[in-house]
Amino acid sequence: MNEGRSGALLPMFVMGGIGLFALASILLTEGNTIGEFCRYLLVGGFLLSVVAPRAGFYIWLTLCGYNDLLKRLMIMGGRVTHGDLPFVLGITPAMFGGVVVALILGGLIGGRRLMFRDLIAIIAGCVLMVATGAIAYLKEGSGLNGVLQAMANNGLYALLLFVLPMMFSKVDELQRLWRFLVLIFLPVAIYGVIQQMQGFAAFELDYLETGLSIEIKQLVTQEVRAFSTLNSPSALSVVCATLAVASLFLGFSQRDKNTPPVLHPALAILCFGIHCAGLIAATSRTPILIIPIALAGGWCFYSKSRTQFFYAVSAGAFITLIVASPWLVQRMDYLNQFISSLAPRETFIGRMVVVGTYWDRLEGFATVLMNPDAYRLFGWGIDENGEGRFHFHDPLSEILVRFGAVVLFTLVVSGLLFLRLSHHQAWRLHESQDRQFAARMIALSFAILAVSLISGSILSVFPNNVFFWMCLAGVAVLARAQSIQEKREKYASSPDFPSLTLPPKGERIVPMRPRSRQGGMHHS
């Protein structure tokens, strides 16, 4: 007993010593105390995710909604510098990386089952990270910090296609995971509404004045666009729109008669209203389209024929928008004048209904996608000022101008193939509840992607990318679980599978005695 206690005391003394050293380092630092605290939080979060990946995963999801608030609170910890930001912003990538490392190690040592499709997901995620880092370097000439940030924002979270299937296997587990997200982000939406009604808090204004955030532009324009605990109004609007739809999906889903809903319908409607309020508080208009697109897609994607109809309508609407863009650009001023006569630009309603900001996107469609001169195999590149030959404000035009038609065609075809694979996996699911959930996840991811194509690349904004890959990973979870089940059934029905013949009913089973105790056998 004493040896056991002494063995347990040693780790306690070591951890206590490390904690005291960290506390002294934070209190005695000459820099920012919160920034110094985040250095240890980054390392501790990574180690926690490696040791307890499931706990680290849920803590990471929570920090996805509140990590940027910690960055703003640094203004209270003394002098804030650019050197403090990587440690604050690096907490979430480090924790997610720890989860990935833990799951890979678990698969290699046999603690978790590692399939060929899991290796493909790891390789695809790594390739995407390298590609996004290379694009950041070629596009903006970013240094090491810029490349790593681009890899974290645009590529790292694609590894959710590996993480979620390794941690979850049933649709009810996925529903509870999304219920956690809906509830844990409610304060984010509420705080956004408070920001819009009362303005920014004093510490938020002090932080914006440091120039460390692009939202300093709000001080120049003297208008409030709520971003709550996230990094931008774009992030708040997309997250709230996604969770508003998820609330309805959870509250109104297929289930057994005796099984209670994951989220009570009344609570689901309440959560939908709160997240919609956060969406409106962000004053971003295009992400509102996520709600109707996802709801329509969630119903259509359950059927192959309805899926074809949905994509035909969507493609037709997008092509019509591109073709009509030159005509719309010429009449945008008249439309703005008409709207201004109904609601002054200074009012909240006026800011919500104004369409002047769409001019940049339509101009990109008109001058790039509708312009044959813009189509070159390997693009026009950018000039010394970092600007392209043509004006653009959407990802398709930007890719075409900077990298060319070959890269644009490759990305579009890859996206279509990946979308087709997701639908194929969803339609192959045996259980109707699984198929419904998978269809809704594909609908949510498509809605986020569609808004990104017409509103600027919101997929590169954290945590929008987390929600996008979470949706697609949910389909991968169910497809992987069914694949494992099919292999088990196939093995069980194989002639080589050992079978157990049970005795006739009522016959007593007498266990065999060891040979050493049977008659005639004696030890020498």
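This is a predicted model: local features need pLDDT of at least 70, side-chain atom pairs count only at pLDDT 80 or more; totals for chains, interfaces and linings use all residues.
Me: How many helices and strands are in the protein chain?
Reply: Both are DSSP runs, numbered from the N terminus: helices are H or I with at least four residues, strands are E with at least two. Here the protein chain has 23 helices and zero strands.

Me: How do I read "buried", and what share of the residues counts as buried?
Reply: Buried means under 20% relative accessible area, exposed means over 50%, and partly exposed lies in between (1.4 Å probe, protein chains only). Of the 524 residues in the protein chain, 44% are buried.

Me: Why is helix 20 described as largely enclosed?
Reply: Helix 20 covers residues 395-403, and eight of its nine residues are buried, so the rest of the structure largely encloses it. Among the buried ones are P395, L396 and R402. Just after helix 20, G404 has a positive phi of about 105°.

Me: How do I read an aromatic pair?
Reply: Two numbers describe a pair of aromatic rings: the distance of the centres and the angle of the planes. Rings of Phe, Tyr and Trp (its six-membered ring) pair if their centres lie within 6.5 Å; planes under 30 degrees apart are stacked, over 60 edge-to-face, and the rest tilted. This structure holds 18 aromatic pairs. In one of them, F310 and F446 have ring centres 5.6 Å apart and planes at 70°, so the pair is edge-to-face.

Me: Where do F310 and F446 lie, and is F310 buried or exposed?
Reply: F310 is in helix 16 (residues 304-330) and F446 in helix 22 (residues 432-455), so the pair ties together parts 136 residues apart in sequence. F310 is buried, at 8% relative accessible area, and F446 also counts as buried, at 14%.

Me: Which residue does R39 lie over?
Reply: A charge sits over a ring if NZ of Lys or CZ of Arg is within 6 Å of the ring centre and within 35 degrees of the ring normal. R39 lies over the face of F87, 4.0 Å from the ring centre. Likewise, R306 lies over the face of W299, at 4.1 Å.

Note on methods:
Residues are numbered from 1 along each chain as its sequence is written. Side-chain values use heavy atoms; hydrogens and water are left out.
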